[in-house]
Amino acid sequence: MSDTVPVPEGLAEQAATIGGPEGVLDERAVHDHIVSSLARLDLDGRSVALVVPDGTRSVPMPRLLRPVHEALAGRATKVTVVVALGTHAAMSEEAMGRAFGYEPGRAEETYPGWTFVNHEWWHEETFADLGVIPASEVSRYSGGRLNDRDMHVVVNRAVVEHDVSLVVGPVLPHEVVGISGGNKYFFPGLSGHDVIDLSHWVGALISSYEIIGTTGITPVRALINAATERIPSEKLCVAVVTEAGTGELHSVSVGTTESAWAAAAEIAAASHITYLDRPVRRVLSILPEMYEDIWTGAKGFYKLEPVVADGGEVILYAPHITEISVMHPGLKEIGYHNRDYFVKQWDRFRDHPWGELAHSTHLRGMGTYDAETGTETNRVKVTLATSVPREQVEAVNLSWMDPADVDVAALEADPDTFVVHNAGEVLFRLREPS
């Protein structure tokens, strides 16, 4: 991507990192590295907002939170653990207990002194107002893709009211920002709609197909970093790269949100991008149960689209999914369409939440739209083999398949089908011709 700026030289080396894209770390090494790295940071007598992912990220959080708790005990005056939901559904107390390693309702016994809360993005009082980034700066950061829109920056007040904001979570290829993690835990993780809508729409204009897995400072990350600069607390990070499909860790990086992210991004790009020599006609993308709706489960499409041949198909297989999106009912109004469908009818869609428009394009993939004839042509067929009713699937411009008709073993034996288990975290791309 021509608009992507390389990560500043030496930034990744500023973080304390163990591990790499090959092999996994044992629990003692992870524990000791986190404790010793945090011991060297200025945390004494300071309050800490501990920012963590929700249940849509596969990561062994108890293995990370236990040493963080040990490192902060007797040093931090207050610790508030904030779940960075973005616009995902809130985690229940039971779900938090499972994810973070405590008996529901008894977090104090496992993590004395810590309070766990959701990012309640649906309540106005959740947010602190950090002002406006003017349209001229938005235009510059976005590579000229947005030229007439200010960006109003609001963020969960916890990261403003605490002295330190400490992000703890995984780094993966991402359909909006390129490589996730770091400051992305603030925006969109703890932000309001304006930053979410603008950043996601910039990513959609670039296209998930192009931006996903891109290392460096993409236009979307530039917007996120600009918003993060307005957070007054010190911003630190424990960034990890998981081994796909397991509870193991390839690496742990501790530093600022930018240095730790830069170090982990290099490793994630090596460990979480798989290259194929030739395109495939059909993909069976088997989604794990941590994706509870199509809004989150669409990652099983984003991560596979680049290897599908023109005219091919991606089948999202997830019998456990029953909803398109409870939190974003507007998707049922607009359906799923390619980027040009919206861009060439902008007067019709400009007032719809841009984050939903972006998600729509991400799942529909690349394609074209002829405004004169009203004809939309999509590169790839997207089929849902879920428990979402057929009429709902077809009403949003996707294809339906009865999940009972999916024979995984038969498709694995089919030379024209590429079957991916635990889809959604590893990105697949075509190898560049030598």
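This is a predicted model: local features need pLDDT of at least 70, side-chain atom pairs count only at pLDDT 80 or more; totals for chains, interfaces and linings use all residues.

1. The largest pocket has a volume of about 620 Å³, and 28 residues line it. Those that lie nearest its centre are Gly55, Thr56, Met91, Met290 and Glu292. Two helices, α3 (93-100) and α11 (294-297), each supply at least two residues of this lining, and α3 gives the most, with 4 residues. By class, the lining of the largest pocket divides into 13 nonpolar, 8 polar and 7 charged residues.

2. For the second largest pocket the computed volume is about 500 Å³. Its lining is made up of 33 residues, and the closest to the centre are Arg57, His88, Lys184, Pro188 and His200. The elements that give two or more residues to the lining of this second pocket are α7 (193-206), α11, α12 (299-302) and α16 (354-364). Here the classes come to 11 nonpolar, 15 polar and 7 charged residues.

3. How many of the 12 residues of α2 are buried? The count is 10 of the 12, so α2 is largely enclosed by the rest of the structure. The buried residues are Met61, Pro62, Arg63, Leu64, Leu65, Pro67, Val68, His69, Ala71 and Leu72. As for its geometry, helix α2 (residues 61-72) reaches 16 Å from its first C-alpha to its last, which is close to the 16 Å expected at 1.5 Å a residue. Just after α2, Gly74 takes a positive phi of about 75°.

4. A search of the whole structure finds 13 aromatic pairs. One of them is formed by Tyr111 and Trp114, which are stacked at 5.1 Å centre to centre, with 5° between the planes. Both Tyr111 and Trp114 are buried. An edge-to-face arrangement is found for Trp121 and Trp122, whose centres are 5.6 Å apart and whose planes make an angle of 80°. With a relative accessible area of 13%, Trp121 counts as buried, because the cut-off for that class is under 20%, whereas Trp122 is partly exposed at 37%.

5. Two arginines are placed over aromatic rings. Arg140 lies over the face of Tyr141, at 4.7 Å from the ring centre, and the charged end of Arg149 sits over the ring of Trp354, 4.4 Å from its centre.

6. A last point concerns Ala413, which is found in helix α18 (residues 408-413). Is Ala413 buried or exposed? Ala413 is exposed, since its relative accessible area is 63% and the class begins over 50%. The C-alpha atoms of Ala413 and Glu323 are separated by 30 Å, and the two residues are 90 residues apart along the chain.

Note on methods
Residues are numbered from 1 along each chain as its sequence is written. Side-chain values use heavy atoms; hydrogens and water are left out. On a 1 Å grid over the protein atoms alone, a cavity is a set of points where a 1.4 Å probe fits but cannot get out, and a pocket is an open set with protein on both sides within 12 Å along at least five of seven lines; lining residues have an atom within 4 Å of a point. Grid points are joined across faces, edges and corners, and a volume is the space filled by probe spheres set on the points. Ala, Val, Leu, Ile, Met, Phe, Trp, Tyr, Cys and Pro count as nonpolar, Asp, Glu, Lys and Arg as charged, and the others, Gly among them, as polar. Buried means under 20% relative accessible area, exposed over 50%, partly exposed in between (1.4 Å probe, protein chains only). The expected span of a helix is 1.5 Å times one less than its number of residues. Rings of Phe, Tyr and Trp (its six-membered ring) pair if their centres lie within 6.5 Å; planes under 30 degrees apart count as stacked, over 60 as edge-to-face and the rest as tilted. A charge sits over a ring if NZ of Lys or CZ of Arg is within 6 Å of the ring centre and within 35 degrees of the ring normal.
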